[in-house]
Number of protein chains: 2
Amino acid sequence: MTTPKIPADTSADVRERARAIPEAAVARLAVYLRVLSGMAEQGVTTISSEELAGAAGVNSAKLRKDLSYVGSYGTRGVGYDVEVLVSHIERILGLTRKHSVAVVGIGNLGHALANYGGFPSRGFPVAALFDIDPDLTGVPVGGIPVHHIDDITSVCAEREVSIGVIATPPQAAQAVCDRLVSAGVQCILNFAPVVLQVPDYVEVRKVDLAVEMQILSFHVARRADQAAGDVVNGVGVDGVVIRP
Amino acid sequence: MTTPKIPADTSADVRERARAIPEAAVARLAVYLRVLSGMAEQGVTTISSEELAGAAGVNSAKLRKDLSYVGSYGTRGVGYDVEVLVSHIERILGLTRKHSVAVVGIGNLGHALANYGGFPSRGFPVAALFDIDPDLTGVPVGGIPVHHIDDITSVCAEREVSIGVIATPPQAAQAVCDRLVSAGVQCILNFAPVVLQVPDYVEVRKVDLAVEMQILSFHVARRADQAAGDVVNGVGVDGVVIRP
DNA sequence: ACGTGTGAAAATATTCACAGCC
DNA sequence: GGCTGTGAATATTTTCACACGT
């Protein structure tokens with residue numbers, strides 16, 4: 001009963017497939033999509049897994065596996081039709097829907113985001129801006145007037161915001177997040193250096209500059225340690241090793 | 001000779017360990033570090049894996065495994081000393097070194113980055129800014145004068161820049177990257193929506209807003225499809241399922 | 001021939017569960 | 001009693017390699 005035999009490939013077929021796509025593969029699909037769009041603009045109509053993989057910075061086996069999650073839309077012995085692949089990836093990524101975005105926190109970063117051309121052009125219109133500073137209320141940023149943060153609930157509901165972007169100082173982030181969630185926003189992109197606590201049904205992605213820098217720092221350190229170690233072990237390193 | 005028995009836990013001990021830490025664990029360590037720093041500021045001196053895990057948004061088994069990559073610095077039955085843990089994580093992440101940062105591309109995002117307080121305070125001083133626009137040359141942004149992009153090589157060498165941040169339009173990103181690399185920069189944080197091609201010894205991290213949005217979009221779509229599927233299968237869903 | 005699509009193998013990462021120590 | 005540290009078990013992701021369609 002809880003295991004009703006094999007569900008017999010119905011329309012829920014796409015859904016089943018979508019559920020199974022690993023998160024890492026989803027991220028890569030978005031990259032492939034961008035590369036493919038660029039190709040299409042340049043008039044390329046067909047591409048092989050090898051070429052696409054090279055342009056996307058992955059190996060071709062991984063690329064083919066990733067594409068297989070989307071479906072089998074290549075032609076053996078030939079490659080993939082760029083247009084076809086673009087439309088199937090867009091479908092899987094849900095880009096046939098429109099996803100209105102609200103940006104909360106109109107500081108330096110918020111300004112940059114509000115003015116960022118990459119969002120609207122790709123189906124993510126910035127539908128609303130919010131800030132706690134009353135002096136900003138009504139001021140247009142990137143052509144969109146800023147609302148006071150107290151209006152989040154009504155404005156988000158009215159404009160059907162599906163993605164909330166948090167660009168506030170860290171102290172404010174959790175409170176803003178709570179408000180977005182209670183306004184019905186289920187996807188959040190968080191730029192504040194804070195771990196947000198949210199209900200299970202809310203999806204959070206974070207962009208954490210400090211963390212990125214520290215990961216790079218780790219690699220610098222690892223490399224330095226390795227060079228030092230190699231020198232100690234006499235594994236032939238010419239001097240200070242700046243360019244192997 | 002190339003395998004000189006077990007290296008007998010010498011100073012290369014930290015190096016060995018560092019090499020083995022999975023990338024995902026490194027990213028989490030940076031998060032733990034921030035949480036721990038916050039704890040320390042609030043006067044917390046000791047913390048259990050359960051508490052720290054909760055604050056960092058992971059489960060405690062994973063946290064303990066991650067910390068075990070750093071070393072065994074906890075006390076059984078008690079927990080971890082916050083200060084001790086902070087200093088060990090900092091060491092592993094290479095934060096005892098100073099890492100000078102150069103930001104290339106002083107548009108909206110570049111401005112935001114130049115003014116971002118999170119970098120300097122965490123050991124990542126912004127040592128130089130670059131832009132291709134001659135009108136910007138010499139203009140101070142966030143207190144730092146902008147250099148022309150043609151001076152990348154000399155300025156980066158002089159100021160020992162170890163991390164380059166690319167905040168240019170996509171068309172310029174690869175060229176800027178090449179220049180940074182030839183200036184000896186081995187770590188790059190890329191905000192441009194382009195897959196950079198670099199030599200093996202260069203470490204690239206990317207922050208791609210469009211990709212983040214599309215991942216969120218995927219989850220919106222998956223959820224919608226799932227809800228639809230559940231309704232079809234009659235798996236008891238009350239209406240349109242906005243808040244389970 | 002050529003290049004996709006995919007099972008099976010290998011490599012990684014996560015979670016479990018409990019011995020060991022305070 | 002309580003909590004860490006870690007091998008062993010499990011799950012996930014990546015890579016291999018080759019059958020198959022065009």
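**Reading the DNA contacts**

Modeller: A polar side-chain atom of Arg64(A) sits 3.5 Å from a base nitrogen of DNA strand D; a polar contact is a pair of N or O atoms within 3.5 Å. Heads-up: this is a predicted model, where local features need pLDDT of at least 70, side-chain atom pairs count only at pLDDT 80 or more, and totals for chains, interfaces and linings use all residues. Residues are numbered from 1 along each chain as its sequence is written, chains are lettered from A and ligands numbered from 1 in the order in which they are written, and side-chain values use heavy atoms, with hydrogens and water left out.

Biologist: How far is a phosphate oxygen of DNA strand D from an N or O atom in the side chain of Ser49(B)?

Modeller: Ser49(B) is among the closest residues to DNA strand D. Its side-chain N or O atom and the phosphate oxygen are separated by 2.5 Å.

Biologist: Is Leu95(B) buried or exposed?

Modeller: Leu95(B) is in contact (heavy atoms within 4.5 Å) with residues including Gln214(A) and Phe124(B), leaving aside neighbours within four places in sequence. Buried means under 20% relative accessible area, exposed over 50%, partly exposed in between (1.4 Å probe, protein chains only). Leu95(B) has 17% relative accessibility, so the label is buried.

Terms used. A residue is near a molecule or strand if one of its heavy atoms lies within 4 Å of it. A polar contact is a pair of N or O atoms within 3.5 Å; within protein, one must be able to donate a hydrogen and the other to accept it, and residues adjacent in sequence count only if both atoms are side-chain atoms.
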